[in-house]
Amino acid sequence: MSCSSCHSLKPREEGKGPSLAGVFGRRAGTDPAFAYSERLRDSKVIWIESTLDTYLDDPFNLGTQINMMIHGIRDDQVRADLIEFLKYSAR
Ligand code: HEC
């Protein structure tokens, strides 16, 4: 399952997951249009390289109740590429 089946890169366009527009540098769980799990909303995580890497490796790493249906991306290079992508195109 790909990210885009649940996430849009257009601001305020919510799917099964929150819009990822501008997600890099943003605090977790703060897209006002999306009803997050309490865990993510209260996590105080800021999405930068290290936190995205931890989350995408396995969403349980941040203690979030997963509803991402992905069991994490184990390939370091794939994660790194994805994070670069989010950083430069999701604004
Ligand atoms: C089956 C749907 C689904 C898929 C597939 C999915 N996600 Fe998610 N994603 C979610 C949901 C739902 C949340 C909110 C989780 C919560 O509230 O705890 C989320 C949250 C996130 C967040 C945190 C957003 C924020 O505003 O704090 C990021 C970053 C993210 N996903 C990235 C990805 C990436 C990258 C992929 C592809 C590798 C992906 N997701 C695949 C449903 C999905």
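One term before the first click: buried means under 20% relative accessible area, exposed means over 50%, and partly exposed is whatever falls in between (1.4 Å probe, protein chains only). This is a predicted model, in which local features need pLDDT of at least 70 and side-chain atom pairs count only at pLDDT 80 or more, while totals for chains, interfaces and linings use all residues. Residues are numbered from 1 along each chain as its sequence is written, and side-chain values use heavy atoms, with hydrogens and water left out.

**Stop 1: the cysteines**

Select Cys-3 and Cys-6. Cys-3 is partly exposed, at 43% relative accessibility, whereas Cys-6 counts as buried at 14%. A disulfide is a covalent bond between the sulfur atoms of two cysteines.

**Stop 2: the whole chain**

Switch to cartoon. You'll find three helices and zero strands, running α-α-α from the N terminus on. Helices here are DSSP runs of H or I with at least four residues, strands are runs of E with at least two, and both are numbered from the N terminus. Now colour by accessibility: buried residues make up 34% of the 91 residues in the chain. With a surface on, the chain exposes about 5,700 Å², and carbon and sulfur atoms supply 55% of that; the areas come from the Shrake-Rupley method with a 1.4 Å probe, and for residues only the protein chains shown count as cover.

Of the contacts in the chain with a separation of 6 or more, 30% are between residues 24 or more positions apart.

**Stop 3**

Pick Gly-17, in the segment before α1 (38-41). Is Gly-17 buried or exposed? Buried, with a relative accessible area of 6%. Leaving aside neighbours within four places in sequence, Gly-17 is in contact with Cys-6, His-7 and Phe-34.

**Stop 3: the aromatic pairs**

Show the Phe, Tyr and Trp rings. Rings (for Trp, the six-membered one) pair if their centres lie within 6.5 Å; planes under 30 degrees apart count as stacked, over 60 as edge-to-face, and the rest as tilted. The structure holds two aromatic pairs. Phe-34 and Tyr-36 make an edge-to-face pair, 5.0 Å centre to centre with 75° between the planes. Phe-34 is partly exposed at 21% relative accessible area, while Tyr-36 is buried at 10%. Trp-47 and Tyr-55 form a tilted pair, 4.9 Å centre to centre with 45° between the planes. Trp-47 is buried, with a relative accessible area of 5%, and Tyr-55 is buried as well, at 10%.

**Stop 4: the core**

A nonpolar core is a set of buried Ala, Val, Leu, Ile, Met, Phe, Trp, Tyr and Cys residues joined through side-chain atoms within 4.5 Å. The largest one has 12 residues, so select Leu-20, Val-23, Ala-28, Tyr-36, Leu-40, Val-45, Trp-47, Leu-52, Tyr-55, Leu-56, Ile-83 and Leu-86. The elements giving two or more residues to this core are α2 (49-57) and α3 (76-89), and α2 brings the largest share, three residues. In soluble globular proteins, nonpolar side chains tend to be buried together.

Zoom in on Leu-86: not counting residues up to four places away in sequence, Leu-86 touches Leu-20, Val-23, Phe-24 and Leu-52. Then look along α2, whose buried residues are Thr-51, Leu-52, Tyr-55 and Leu-56. They cover an arc of only 120° around the axis, which puts them on the same side of α2; the arc is that of the directions from the helix axis to the C-beta atoms.

**Stop 6**

Gly-22 lies in the segment before α1 and is partly exposed at 28% relative accessible area. Gly-22 and Lys-87 are 65 residues apart in sequence and 7.9 Å apart in space, C-alpha to C-alpha.

Finish on the backbone. Most residues other than glycine have a negative phi. Arg-12 has a positive phi, near 60°, and is exposed at 67% relative accessibility. Lys-44, in the loop between α1 and α2, also has a positive phi near 60° and is exposed, with a relative accessible area of 63%.

Technical notes. Contact means heavy atoms within 4.5 Å.
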